[in-house]
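Hello,

I am passing a structure on to you, with some notes on what turned up when I went through it. Please have a look at it first, then read on.

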Amino acid sequence: MHLNVQNVMAIYEDRHSLWALAPANGALSRCQLPACRQEELEQLTGWRKRFSLLLEIIDVILPLVQNAAARLLYGVHWALRFLLGQGLGIVYKGVRQGMRLQL
């Protein structure tokens, strides 16, 4: 299952995963080779095709969702800051007036 998902992701991202020997120490390392894999993407069928379409949809929708969430969080942050600031200001003003009356 993992291998099938990784293969679909590699096709979608137009890359081949290759193993190579590092020239410095001769260790085995993985490298990514960019390649046009449109033909392989068109040959996908079944759940692998649906998974590739899901990846494309996520690629389009995710930035929009992130932007909307950032704006929503900014609005919540502003509202809390405004409301808490007003509340603390009223409490401070009341304490200050109470201290004047005692003197």
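To start with, in which helix does Ile61 lie? Ile61 is part of helix α3. Please keep in mind as you read that this is a predicted model.

Now the overall layout. The chain contains three helices and two strands, and from the N terminus on its elements follow the order α-β-β-α-α. There are 103 residues in the chain, and buried ones make up 10% of them. Of the contacts between residues at least 6 apart in sequence, 39% join residues at least 24 apart.

Back to Ile61, which belongs to a nonpolar surface patch together with Ile57, Val60 and Val65. Together these four residues have about 350 Å² of accessible area. Ile61 itself counts as partly exposed, because its relative accessibility is 42%, which falls between the 20% limit for buried and the 50% limit for exposed.

The aromatic rings gave one pair. The pair is Trp78 with Phe82, and it is stacked, at 5.4 Å centre to centre with 5 degrees between the planes. Why are Trp78 and Phe82 about one helical turn apart? Both sit in helix α3 (residues 47-102), and they are four residues apart there, so about one helical turn separates them. Trp78 is partly exposed at 44% relative accessibility, and Phe82 is partly exposed too, with a relative accessible area of 42%.

Best wishes

Key:
Residues are numbered from 1 along each chain as its sequence is written. This is a predicted model: local features need pLDDT of at least 70, side-chain atom pairs count only at pLDDT 80 or more; totals for chains, interfaces and linings use all residues. Side-chain values use heavy atoms; hydrogens and water are left out. Rings of Phe, Tyr and Trp (its six-membered ring) pair if their centres lie within 6.5 Å; planes under 30 degrees apart count as stacked, over 60 as edge-to-face and the rest as tilted. Buried means under 20% relative accessible area, exposed over 50%, partly exposed in between (1.4 Å probe, protein chains only). Patches are made of residues with over 30% relative accessible area and no salt bridge: like charges are joined within 9 Å, nonpolar side chains (Val, Leu, Ile, Met, Phe, Trp, Tyr) within 5 Å. Accessible areas come from the Shrake-Rupley method with a 1.4 Å probe; for residues, only the protein chains shown count as cover. A salt bridge is a side-chain nitrogen of Lys or Arg within 4 Å of a carboxyl oxygen of Asp or Glu. Contact means heavy atoms within 4.5 Å.
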